Amino acid sequence: MSLEVRLHSRLGEFEIDASFSAGSGVTAIFGQSGSGKTSILKMIAGLMQPQSGSIKTDDTALFDSAENINLAVHRRRIGMVFQDARLFPHMSVARNLTYGRWAGKRTGSADLSRITGLLGIEGLSERYPATLSGGEKQRVAIGRALLSEPALLLMDEPLASLDQERKREIIPYLEEVRDRMGLPIIYVSHDIDEVARLADTLVLLSDGKVLGSGDAVDMFSKLDFGPELGRYEAGALMSGTVHAFDPQYGLCTIALDGGQALHVVSQNIARGERLRVRIKARDVALSVRAPEGVSIRNVLEGTVRGFAVDDSPFVEILVDVAGQILRARITRQAFDSLGIREGLPVFAMIKSVAIGRRMVSARR
Amino acid sequence: MVEGEITGIVLLSLKVAAVSMVFAVPMAFAIAYVLGRFEFYGKGLLQALVTLPLVMPPVVTGYLLLVAFGPNGPLGRLFGAFGVDFAFHWEGAALAAGVMAFPLLVRPMRLAVEAMDRGLEEAAATLGASGLTRFVTITLPLVLPGVIAGAVLGFAKALGEFGATITFVSNIPGETQTLSLAIYSLLQSPAGDRAAMMLIGVSAFLAIGSVLLSEWIGRRIDFRARS
């Protein structure tokens with residue numbers, strides 16, 4: 001299933017003008033607070049009405065100003081997970097989970113035990129929302145949305161109201177939902193780490209306008225979106241397969257697609273598992289000769305693919321590592337003295353320590 | 001005054017108050033919902049009209065009721081055609097009690113409607129619930145504590161209503177003589193002190209009883225305390 005969105009709306013001084021499409025997997029809408037992410041999500045759900053445009057799934061027009069179509073929220077079959085869970089406080093977890101069935105007249109073909117198992121909420125059914133932790137609430141909210149048998153799932157910063165500990169608790173469940181439910185998900189966030197872990201497709205939003213959209217890995221390796229993707233946080237995504245885990249040193253060796261090895265500090269991950277690693281540009285150093293006697297475990301061979309030089313003290317460089325793009329940020333002074341140019345073979349050095357656990361994610 | 005008479009007065013008062021609430025509570029909730037949810041032209045006027053019985057002298061309210069619902073009043077004739085006769089009958093006492101209690105009913109209900117998180121209704125809509133289903137399964141249960149608080153407050157007020165009642169339906173033993181009116185009559189006669197004290201005791205008991213009842217119901221439906 002895919003979703004085609006074309007929206008125009010003016011809310012006072014603020015103008016939203018956004019077109020994008022979302023296919024299978026997770027489409028992340030990324031942008032700073034106030035960029036219009038949540039409004040766009042509400043328009044897709046039908047909780048807000050755009051002034052003009054259209055919102056269409058494969059076979060249904062949910063909204064089309066030209067044809068005067070505006071389907072009511074409860075007829076759109078769009079599940080939504082809100083930032084603040086929005087569980088019904090007067091109902092048990094079980095009643096909340098099955099609300100779509102008994103109140104929403106959804107047929108009940110979604111498998112309750114499978115979904116509660118997937119989200120780890122089997123034991124909560126008799127409890128009331130007031131007694132749940134923030135992370136449990138959010139998991140129940142996700143389960144409730146899934147059990148309403150949506151054709152599309154919208155998630156509005158589902159982790160934003162949680163602390164780091166709870167975020168770490170929930171992200172694996174989101175990955176499970178993404179990989180096992182076969183449901184297109186539109187995920188709104190202003191957290192680059194979340195987006196890097198979850199997104200298949202990235203829609204970059206700024207001030208109500210789409211700056212760019214496309215495959216997440218490609219988007220992260222473009223030079224044009226430096227400031228929007230967070231100048232300080234900018235980095236590329238690299239994919240690979242778990243090759244080995246060394247319990248003695250707590251290091252995981254990842255065979256990168258294209259054939260080089262990357263060592264990251266991690267818990268034991270099963271051999272053969274597909275991983276995606278985000279490597280921040282500022283954690284990558286470059287050498288024009290093979291480095292020796294350094295503590296840095298990761299030395300990847302590649303060639304310079306492109307760079308962005310301006311008046312700032314930094315230069316952003318793209319390095320092609322066997323077909324995958326790595327971003328490096330070095331000082332302009334180093335750039336000049338190394339004589340970096342397009343096509344130059346270089347060695348990219350990445351401290352394993354710089355790759356945090358949050359930056360490594362599984363992808364099935 | 002014999003015990004049978006006291007029982008009769010108490011039962012009449014309970015009947016008048018209960019009947020007034022049966023009609024006033026749904027009307028008050030409808031108005032509280034409209035006031036709490038919607039913006040419209042004339043909202044201020046409706047609000048003032050609802051508050052009026054609270055600030056107007058009860059005698060004036062009673063007189064206006066007599067003018068409107070009396071045998072020759074326009075509304076009195078209308079209801080008379082259906083066999084409902086308000087003036088100098090217990091039905092009139094119930095009407096007066098309901099009108100006087102109305103502002104007390106509306107206020108807590110409106111606060112409950114305004115305090116309700118509308119995001120929950122949005123969530124229910126995304127789960128497939130239609131407008132009516134959302135109202136029945138989400139809105140109503142969540143504002144229920146406010147509705148009950150209003151109803152109990154209104155019931156207590158209706159039990160003790162005096163000024164509008166005596167003006168509208170007079171003080172007829174066995175027909176319109178409710179607790180407050182009976183106490184008033186007894187205090188007028190030198191021998192009535194003891195009976196008056198008994199009725200005062202009954203009034204206090206009923207008032208305290210209704211407050212305790214509302215607390216108990218409130219706790220029963222307070223989902224936040226459940227675990």
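Select Ala322(A), which is partly exposed because 14 other C-beta atoms lie within 10 Å. A residue is called buried if 20 or more other C-beta atoms lie within 10 Å of its own, exposed if 12 or fewer, and partly exposed in between, with C-beta atoms placed from the backbone. The model is predicted, so local features need pLDDT of at least 70 and side-chain atom pairs count only at pLDDT 80 or more, while totals for chains, interfaces and linings use all residues. Residues are numbered from 1 along each chain as its sequence is written, and chains are lettered from A and ligands numbered from 1 in the order in which they are written.

Ala322(A) lies in the loop between strand 18 (314-321) and strand 19 (324-331) of chain A. Here and below, helices (H or I, at least four residues) and strands (E, at least two) are DSSP runs, numbered from the N terminus. The phi of Ala322(A) is positive, about 45°, although the residue is not a glycine. Most residues other than glycine have a negative phi.

Next, select Ala85(A), in the loop between strand 7 and helix 2 (93-97) of chain A. Is Ala85(A) buried or exposed? Ala85(A) counts as buried because it has 24 C-beta neighbours inside 10 Å. Ala85(A) also has a positive phi, of about 50°, without being a glycine.

**Second stop: two open sheets of chain A**

Return to strands 18 and 19 of chain A, which run antiparallel and are joined by 8 bridges. Two strands are said to pair if DSSP finds at least two bridges between them. Within this pair, Phe314(A) stands opposite Thr331(A) of strand 19.

Now select the open sheet with the order 14-13-12-15-21 (chain A), formed by 5 strands with antiparallel pairing. Its edges are strand 14 (261-265) and strand 21 (360-362) of chain A, each with a single partner strand, so one side of each lacks a neighbour in the sheet. From one strand to the next, the twist averages 40°. Strand 21 pairs with strand 15 (residues 274-280) of chain A in the antiparallel sense over 3 bridges, and Arg276(A) stands opposite Ser361(A) in strand 21.

Select strand 3 (residues 26-30) of chain A, where 5 of the 5 residues are buried. Val26(A), Ala28(A) and Phe30(A) are on one side, and Thr27(A) and Ile29(A) are on the other. Strand 3 runs parallel to strand 9 (residues 185-189) of chain A, with 5 bridges between them; there, the bridge partner of Phe30(A) is Ser189(A). Strand 3 also pairs in the parallel sense with strand 10 (residues 201-206) of chain A over 4 bridges, and Ala28(A) stands opposite Leu202(A) in strand 10.

Colour chain B by secondary structure: the count is 10 helices and 0 strands. The C-alpha trace of chain B spans about 70 × 45 × 30 Å along its principal axes. Of the 227 residues in chain B, 39% are buried.

Select helix 1 (residues 3-37) and helix 7 (residues 131-159) of chain B, which pack at an angle of about 140° with their axes 9 Å apart. That makes helix 1 of chain B oblique to helix 7 of chain B (angles under 35 degrees count as roughly parallel, over 145 as roughly antiparallel, 65 to 115 as roughly perpendicular and the rest as oblique).

**Last stop: where the chains meet**

Show both chains: 23 residues of chain A are in contact with 20 residues of chain B, contact requiring that C-beta atoms, placed from the backbone, lie within 7 Å. Strand 7 (78-81) and helix 3 (99-102) of chain A are the elements that give two or more residues to the side touching chain B. Strand 7 of chain A gives the most, with 3 residues.

Terms used. Contact = placed C-beta atoms within 7 Å. Axes fitted to C-alpha atoms, helices over the stretch in contact; angles between N-to-C directions.
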